[in-house]
Amino acid sequence: MLMKKLICILSAFFVLVAGCSEKNTVNSATRDIFAMDTYMSLKAYGENAETALSLAQDEIIRLESLLSVTNEKSDVSAINQSNGHTVSVSEDTVKIIEKAIEIGNQTNGALDITIYPVLKEWGFTTGNYSIPSPDVLNQYLKYVDYGQIITNGNSVTVPENFQIDLGALAKGYTSDSVMNILKDNNIDSAVVSLGGNVQTLGKKQDGSLWKVGIINPFSPDTSMGVIEVSDKAVITSGNYERYFIGDDGNRYCHIIDSSDGYPADNGLVSVTIIGESGLICDALSTALFVYGKENAVKYWQEYNNFDMILVSDDMTITITEGIEKTFQNMSEMQTKVIRCK
């Protein structure tokens with residue numbers, strides 16, 4: 001957990017330092033927050049910057065109270081404790097669940113928010129790590145199937161013994177909400193890092209693009225490269241973020257493949273998604289990590305409404321053509337560019 005927090009700090013620091021040569025302005029504000037079990041940094045420019053960030057902080061805390069799987073009063077806990085009964089939740093929670101179902105359908109179940117019982121068995125929610133036996137995993141996999149979730153207005157129904165976790169989408173949805181608040185308060189230049197989930201508004205004060213560092217999954221205390229963006233979210237999922245070393249000497253990461261209940265192991269070590277929606281980028285970074293490189297490329301070629309950076313365990317970087325001119329590889333790894341057919 002300490003390493004994860006240090007990574008988040010580094011990512012946020014790198015983004016903000018990229019603008020340190022800008023001319024100072026009195027109409028700017030910064031805010032550091034600890035929420036959703038991670039460190040967050042927000043910076044905004046404009047006459048209403050202080051007010052906007054105060055409202056943004058309130059929104060982060062509000063969404064955390066709804067979406068936290070460990071808060072007994074949250075919407076997620078209400079669903080998980082429903083025993084098969086229908087429960088009423090917020091519009092925010094329903095929006096996230098429905099997007100999760102949509103992307104789950106598009107990726108053949110690579111994103112499955114009902115994986116929570118399996119995550120708990122591995123110890124990723126408690127820190128009491130252990131490798132479950134195949135029999136135990138098979139028992140819990142009976143309760144993993146996002147297709148069993150039913151939404152109707154603000155009501156959600158899941159079968160008895162099913163439990164959800166919105167961790168793969170919550171911070172992305174939150175950064176979208178923060179961006180909307182900033183826009184509503186006439187902010188046209190800002191950058192937020194919610195535990196390493198970076199989202200930008202407009203450009204820097206000098207008119208240049210924001211520079212976002214991409215962590216090297218083989219050396220997480222260093223940057224692999226830099227991507228220049230404006231009005232985009234940059235969100236990464238990787239096997240270096242949360243993991244443990246089992247008694248068998250193998251490393252097990254927290255991104256679980258719902259098809260077998262084991263950590264995803266398909267040749268990818270990190271997936272970075274760049275796009276306009278933080279919610280979609282957050283969901284896809286997890287889904288495509290599980291989906292694997294070949295399927296991720298096919299998905300991008302079909303939808304082509306985002307860009308991505310895939311890092312494989314053979315130490316190659318694959319990027320989409322849309323960021324060919326704005327991504328700078330700072331590592332010794334080879335970069336390959338994929339294009340639409």
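Q: How do you know that helix α9 lies across strands, and which strands are they?
A: Helix α9 (residues 293-303) lies across β13, β14 (307-312), β15 (316-320) and β17, where contact means heavy atoms within 4.5 Å. Helices (H or I, at least four residues) and strands (E, at least two) are DSSP runs, numbered from the N terminus. The helix runs at about 170 degrees to β14; such angles lie between N-to-C directions, from 0 to 180 degrees, with axes fitted to C-alpha atoms, for helices over the stretch in contact.

The model is predicted, so local features need pLDDT of at least 70 and side-chain atom pairs 80 or more, whereas totals for chains, interfaces and linings use all residues. Residues are numbered from 1 along each chain as its sequence is written, and side-chain values use heavy atoms, without hydrogens and water.

Q: Why are β7 and β10 said to be joined?
A: Strands pair if DSSP finds at least two bridges between them. Two bridges join β7 (residues 197-201) to β10 (residues 233-238), so the pair meets that criterion. The two strands run antiparallel, and V198 stands opposite V234 in β10.

Q: What makes β1 and β17 edge strands?
A: The open sheet has nine strands in the order β1-β2-β6-β7-β10-β13-β14-β15-β17, with mixed pairing. Both β1 (28-35) and β17 (334-338) pair on one side only, and are therefore the edges.

Q: How do you know that helix α2 packs on the sheet?
A: Helix α2 (residues 49-67) touches β1, β2 (38-45) and β6 (189-194). Its direction makes about 15 degrees with that of β1.

Q: What makes a space the second largest pocket, and how much space lies in it?
A: On a 1 Å grid over the protein atoms alone, a pocket is an open set of points with protein on both sides within 12 Å along at least five of seven lines, whereas a cavity is one where a 1.4 Å probe fits but cannot get out; lining residues have an atom within 4 Å of a point. The second largest pocket holds about 280 Å³, and 14 residues line it, with N239, R251, C253, A264 and D265 nearest its centre. β12 gives the largest share of the lining, three residues.

Technical notes: Grid points are joined across faces, edges and corners, and a volume is the space filled by probe spheres set on the points.
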